[in-house]
Structures are given as C-alpha cells and as structure tokens.
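Hello,

Here is the structure I promised to pass on to you. Have a look at it first, and then read on for my notes.

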Amino acid sequence: MEQFKSYKILIAGLLFLVCVFYFKMSWTDNIIYRAPGPWPVSKYVSNSVESPSLLDCLPQELSNLTHLLYWPLTPGDGGDFLASTSPMTSTYHLRGPAQDTYALGGYLEVVLVARDHQGRPKTHGGDLFQARLLGPELRAGVPGDVQDLENGTYLLSFPLLWAGRAQVQVRLIHSSEAVGVLRRIWKEKRATVNFKGYFQGSSGVKETVICNVDPHSTGAKGHTCQYRDVVSGELWFCAQPPTLPCNSLVAHSGGSFLKVTTPRDDALLAGKVTDKLLPQGVAPILIRPATTENISRVQSPQTKCRPGLLAPKPSGFYHQDVWHSLSCSGQSFPTVDSILGCLAGHIVHMMGDSTLRQWWEYLRDTVPSLKPVDLHSTYQVGPLMAVETTRGIVLHWRAHSWPLRSRRTPVASLHSVAKELEGLAGGPHTVVVLGLGAHFTTFPPSIFARRLAGIRAAVMALLEREPSTLVVIKLANTGYKSVYGSDWFTLHMNRLLRAAFAGLRVAFVDAWEMTSSLALPDNIHPRKLIVSNEVNLLLSFICPT
C-alpha cells in the first residue's frame, strides 16, 4: 500500500509540474492562430491554447514532486574555482577493515570524501559521482549506489555478485559547483538550442525562421505561429515568416546550440574536471564463491520477465559480457534462429530517439533475413521498417516529434508518440518500445513532463483497449557531459520517466545502468556489446519462456 501511495504521489506531482508550466508561460500575446490549410502540418494548427483534460491541475496536497527532482543545493555562487570539487584530490576508502576475501552475495561499503582543488574537505554535497565495481578478468561490472550525506561525504555501496577479483572505480562526473551551473541554466533558460522551420508558398516562395518549444525562444520580434498536436496537446512555435502564412510550414531541422554559459561556468564544466577518474583508493578485493556448490555468480531470480515488475537497485550486472537481470530470469538469444523464433508473428513499434534506433539497426544487421524496406524517408527521423516475411515479423522505428535535432525532414514525417499510439490496435502480437530523453535535456524539465503526461495517457488507453499489448520503456543512456546534455540532466529525465509510467503494466530496460556498468568509453550511442544486451532483455520480455 505504501508503494502504491508513493506511485500516486509521483504521478500527481508529475502532472502538477505540467500545470505549473502552463500557468507560468504567458503565450497568448503576439501569437497568430491560423485555420488549417492544405499542407501536412495543418493538423497541428490550433486556435486555442487550452490544456487537454489530462493535464488538469490536481489538488495541492498531491503535488509533492520535490523528492523526485531533489538535488542538494550548492552554497555560494561557485565563483572560486579552487574551492570546487576536484577529481584529483577527492579520496575514498573502505568503510570497515579490509578482509582477505569477501562473501559472494554480500556488500562492499566505501566512504568517499569530496575535496576541493587545494585538498580541503568539502562541507556540503551535490557532486555527481559515478561508482562501479569491475571484474576486468571476468568482463564483469555492476553500478554502485552513491548516497550523498550532504556534508561532503558520500557512502558507496556495491553488491558482490560474482566470484573472483573486483575493483572499485569512481568518477567525478560534475562537481557540485558545476551542477549549480546546470541547475541555474535549467531554471533560467527556456532553451539552450533552437531549430529551423522551412516555409514554402504555392508560388514557390521559400522562407526559413527559428522554431522552438515556446514562443519566447523563437527570437520573434513580432507574431508567432503555434502548432498543436490534436491528440497530445503538444505545442510547437515558429517565428511568423515575413510573407508566408503559418500553415505553409513544410520542413524541420535542427538549428544552433545557444551560448548560455559564462567563462566561469565554462571552467567548472571543462573537460579536465568533468568525467574524471579519482585516484585509486581501495585495493582490489577477492570475492570467494559460495562454498556449497562453488557458484561463480549470483543467479537471476526465477520470476519470468513480464511487465509490472518492481525494479531492484541495481537492476542487473554484467558477467562475461552478458547482462544478468536481478528482477527476472532473462533469456539468452545467442543465435539468429533464437531471435527469429522469439520475434515470429510480432509487429514491433519503436518510437523515440537515435539510441532506440540502435536496437532496430542491431536486429537488422544481426538477422540477415530481416530486410529493410526503403520508405524514402530521412534516415535520422524515419519511419524505418524491416520485414521477415517467412516468420511474419515487422520492425518499425520512427523518431518522436519535435523537439528533434535532425537533418532537414518533412514536417509530415514528424508524428507524435501519442498520435502513433492512438492508431495502434494492440494485441498479443504487438510490441511497443518507447525511448525518449536525449533531445529533452536542452529544456526545463517541465517540457519533458508535459510530453510524458500525453504519452502516459496514450499508453493507458492502449492497454485498456488491448491489455495483452507489451509496452517497454527504455530509460535514457549515460553519455552526455556538456551543458546541452549532461548526465545530471539525463538522471532527472529518467526519474520523470519512471514516475510517468509508475503503476502501469509496462516493462523497463534500465539503459542508464547498462551503459555505465563497464569500463568502456562513455558514449550516447554505446557499443554493440551494450546494445546487444539491451535487445536481449527486450526479447526476454517478448518471450519470457
């Protein structure tokens, strides 16, 4: 009951954040509302800014979202670089006395002391540290839990999940002072990127303007065009072209990254102090196998992988380069035939960003009989499709709608996730995979919250009309380390993702942990090793037996 109550509070708070966002923005001034025209974009044009009913404000007592987006504040203005947390002087050590060997299934605890560039211990928290336990000889790894005690000290905890040698590794992703910069930008800046809208008239006249998630970020000196998705209520704005009407918008592309930092900010976010290893503070340990059966690793639970399972922390670990789930008994699909056997008769709809497109690409490249169909679309945006006719397999991928950093693409190709879900009948042979987050880190969290509110409503409607539909939520990857896409932003995106779909019968693939558990170069588009394990977990939900 307590967990259910927590879910209610999370979801209520998520929707309340959206309501606050709507009331905060003054969008009615200088906006032109155009009647629908003959262009494909016309279905987005609206003559109203009313919020859809799913975003109606909830009672104040259910609006406590502070614990979901909570992060310790950084005192001061971060002006003294030497007083910021340093990866070279911060230290960590075992919490208790060292042991000759450690028991499989136990825990290792480590105390981390954050220090500034002069070696002085910090007296407040808020740093973003990443900790993991690695077994290089066994190609093993597991994320560690980092507990911020908010006094400059952090408690790190690592489950001991394999027998053999293991080594603690700690990285400083951002100092608390750098996090303070990111927090300020999230609070003060409506957007850190912009986009281009391409308009074309019937006589061939072409005009290009700036577009964005709110009218103030379009750079418009006068009127603004508004586009509203009729299903989700998602809003998009473009500066009104000099001569063409709003309903002549025909194409979209990414624009520019905006300069939003000061020289002082840049110093705190510089590469020499971002995503850096701390000096080794704990010697390698030896984990002994279970004495009774000489078991070499902790076994996955016997529970079949299915939607609605509660997520343990950590959600899994690598051993011999294979991800082992700690929430369910993940299956292995090592051959082309095993993948085909699982996907046979299924239609898989993937909707999201390019990190999810990697799943589609992996299956296309791994299974020779899965043939891509040329739909003459922009590859970055889709739609993409691959089919296997003998087994009745269809794989779809398409990008979520704006905001989307992409090459120029027709606006008609930009379909909102909610709109796509509305058009699905669903059923036992339908799989929906959603993966969003990477393109939303350049905006305040309320933008993502609003998008998730519409998608949640669409997922609920899909599961109500056909409960046997499998819906899988891919959490966002680690990888971004800049002011435009920091892991600190992504961490909050994932908190919102979990809250948005809490209590629904959906499955989660924790790509955040899967992309941060091995000593591999961190990249928003991870290596094939990681992608293959993510897809394997997806297949375990499709074929749990």
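Please keep in mind that this is a predicted model.

Let me start with helix H8, which covers residues 487-501. Of its 15 residues, 13 are buried, so H8 is largely enclosed by the rest of the structure. From first C-alpha to last, the helix reaches 21 Å, close to the 21 Å expected at 1.5 Å a residue. Both ends have a detail to look at. At the start of H8, Ser486 brings a side-chain oxygen to within 2.9 Å of the backbone nitrogen of Trp488. Just after the helix, Gly503 has a positive phi of about 85°.

Next comes strand S4, residues 107-113. Five of its seven residues are buried, so this strand too is largely enclosed by the rest of the structure. S4 runs antiparallel to strand S2 (residues 91-94), and four bridges join the two; Leu94 has Val110 in S4 as its bridge partner. S4 also pairs with strand S8 (residues 153-159), again in the antiparallel sense, over seven bridges. There, Val113 stands opposite Thr153 of S8.

Finally, zoom in on Asn212, which sits in strand S11 (residues 206-212). Its relative accessibility is 0%, which is under the 20% cut-off, so Asn212 counts as buried. A polar atom of the Asn212 side chain lies 2.8 Å from the backbone oxygen of Val193. Leaving aside neighbours within four places in sequence, the contacts of Asn212 include Ala191, Phe195, Trp236, Phe237 and Phe443.

Happy browsing, and best wishes

Methods:
Residues numbered from 1 in each chain as written. Predicted model: local features only at pLDDT ≥ 70, side-chain atom pairs only at ≥ 80, totals over all residues. Heavy atoms only, no water. Buried < 20%, exposed > 50% of the residue type's maximum accessible area, 1.4 Å probe, protein only. Polar contact = N/O pair within 3.5 Å; in protein donor to acceptor, adjacent residues only side chain to side chain. Contact = heavy atoms within 4.5 Å. Expected span 1.5 Å × (residues − 1). Pairing = 2+ DSSP bridges.
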